[in-house]
Amino acid sequence: MRAVVKWQFGAGTPRNNEITLDCTHVTVIIPTLCDSARRAALSRAVESVLSQDGVAVALVIIVNGTRYDPALLAQLRADPRLRVVYQEAGSLPAALRLGRTQVSSGFFAFLDDDDEYLPGALQTRVAPLLADPQLAVVATNGLRGASAAARYLDNTHAINDDPFAAMIRCNWLASCGGLYRSAAIHADYFDGTTKHFEWTLLAFRILMAGHKTLFVDVPTYRVFDSAGSLSKSLDYQRASVGFLEQLLSMQPPERIRRALRRKLSAAQHDLSSQFLHAKDRSNAWRYHLHSLTGPGAWRYLAYTRRLFF
């Protein structure tokens, strides 16, 4: 079976090139807790994958944790269109790594259980990968919520010019926005443990390895944000500081190191403010002093008065 798809390269490449493709195989991995509250959303995610045209899809559901709904798990296992794998640990990073080990196709992708692919999503991503054997990853834009106009990522024009620098500004590799060449992105790229920043870490490792990437500014998925803001929590701020230190330990190029150190100082300052708000003055001082060691630290000097008074 063959399919004709139209797609757009990055800056400087002609638009709307027609490329005739062989129908190719893609494995899509959906990690889920499989609880009853996600039944409708999970069903929507599954159908959005199985309705994709122009590619042959193998759909793998990774059920992780002990909170699963037995009836829903039985329903998934009874569906011949799905391959269901269970792991006892309720860990998204571990589920992502386990899902990657289930891939035997040439390409693979992920989808959160409460999001969905848009029509033609996998066609759009697979076309450049087939056209360029050196390309390891294609990332795309998406939509946020029910709006057809709310793009998931803004200011994407410079991503392909310098993917590394763009990653420091904003993670352009969304959880459900990438398609990966299996021969290039193996299971070891997923450490199975990093929480909150697992997609930034994946992109960082891909770039550190020198793999070629492409961002296509076409919406291929829709994200339905959950209520509440994890990014404002103290645990998240702690994790942010530790994660930036982890990236620095990977010895990236100097220009990236400087940008990371600036972000680390900002994260340490934010964490100090969080501790001060929680009346933990000792940790507030600790992270404030750390924040003064990075580039641009003069911005946080005036904050010192708040710690004294």
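## Ser-105 and the chain around it

Visitor: What kind of model is this, and how are residues numbered?
Guide: It is a predicted model; local features need pLDDT of at least 70, side-chain atom pairs count only at pLDDT 80 or more, and totals for chains, interfaces and linings use all residues. Residues are numbered from 1 along each chain as its sequence is written, and side-chain values use heavy atoms, with hydrogens and water left out.

Visitor: How many helices and strands does the protein chain have?
Guide: Ten helices and ten strands. These are DSSP runs, numbered from the N terminus: helices are H or I with at least four residues, strands are E with at least two.

Visitor: Where is Ser-105 found?
Guide: In the loop between helix H3 (92-101) and strand S6 (107-110).

Visitor: Buried or exposed?
Guide: Ser-105 is buried, at 13% relative accessible area. Buried means under 20%, exposed over 50%, partly exposed in between (1.4 Å probe, protein chains only).

Visitor: Which residues does Ser-105 touch?
Guide: His-25, Val-26, Thr-27 and Ser-182, leaving aside residues up to four places away in sequence. Contact means heavy atoms within 4.5 Å.

Visitor: Which side chain makes a polar contact with the Ser-105 side chain?
Guide: That of Thr-27, at 2.7 Å. A polar contact is a pair of N or O atoms within 3.5 Å; within protein, one must be able to donate a hydrogen and the other to accept it, and residues adjacent in sequence count only if both atoms are side-chain atoms. A polar atom of the Ser-105 side chain also lies 2.7 Å from the backbone oxygen of Phe-107.

Visitor: Back to the whole chain. What share of the residues is buried?
Guide: 51% of the 309 residues.
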